[in-house]
Amino acid sequence: QPAARDAGCDPAFAYATRRAPFPFRGHFKPSQFTAIEMRRRKGEWNALVDEYIASGVDPRPKHVVEAAAKIAADGGPLFRRCSNHPECPNVEQDAGVPGAEGSGAGGVE
């Protein structure tokens with residue numbers, strides 16, 4: 001997936017984008033989908049990221065790929081970097097959206 005990296009896109013994210021049964025356009029608007037639909041999309045997307053990891057084409061550790069490519073129920077990143085300081089190494093899991101708890105298929109929670 002060197003072309004994805006050259007374009008500034010994580011290869012695992014590019015893999016999921018090409019295979020997802022829905023177009024991904026970033027954060028979902030709360031009025032756009034029900035909590036159930038948001039959770040379903042999260043599960044489908046994250047299962048594709050798991051499939052990419054299982055393929056063995058990426059030498060990065062699993063947790064690094066997950067942090068780069070998995071999404072939360074609202075369509076944002078599942079893991080968010082600390083925003084207190086530009087050099088902060090902390091990563092936290094997104095709490096998701098109200099009513100969309102649970103990981104769905106392939107989620108990491």
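User: What makes phenylalanine 13 count as partly exposed?

Analyst: Its relative accessibility is 22%. Buried means under 20% relative accessible area, exposed over 50%, and partly exposed is in between (1.4 Å probe, protein chains only), so phenylalanine 13 at 22% lands in the in-between class. Bear in mind that this is a predicted model, where local features need pLDDT of at least 70, side-chain atom pairs count only at pLDDT 80 or more, and totals for chains, interfaces and linings use all residues. Residues are numbered from 1 along each chain as its sequence is written, and side-chain values use heavy atoms, with hydrogens and water left out.

User: And why does tryptophan 45 count as buried?

Analyst: Its relative accessibility is 0%, and the cut-off for buried is under 20%.

User: Why is the pair of phenylalanine 13 and phenylalanine 24 called edge-to-face?

Analyst: Rings of Phe, Tyr and Trp (its six-membered ring) pair if their centres lie within 6.5 Å; planes under 30 degrees apart are stacked, over 60 edge-to-face, the rest tilted. Here the centres are 5.5 Å apart and the planes sit at 75°, so edge-to-face it is.

User: What makes the pair of phenylalanine 24 and tryptophan 45 tilted?

Analyst: The planes are 35° apart, with 4.7 Å centre to centre, so the angle falls between the stacked and edge-to-face cut-offs. Phe13, Phe22, Phe24 and Trp45 form one aromatic cluster.

User: How do you know that the buried residues of α4 line one face of the helix?

Analyst: In α4 (residues 62-69), the buried ones are Val65, Glu66 and Ala69. Down the axis they fall within an arc of 100°, so they line one face; that arc is taken from the directions from the helix axis to the C-beta atoms.

Note on methods. Helices (H or I, at least four residues) and strands (E, at least two) are DSSP runs, numbered from the N terminus.
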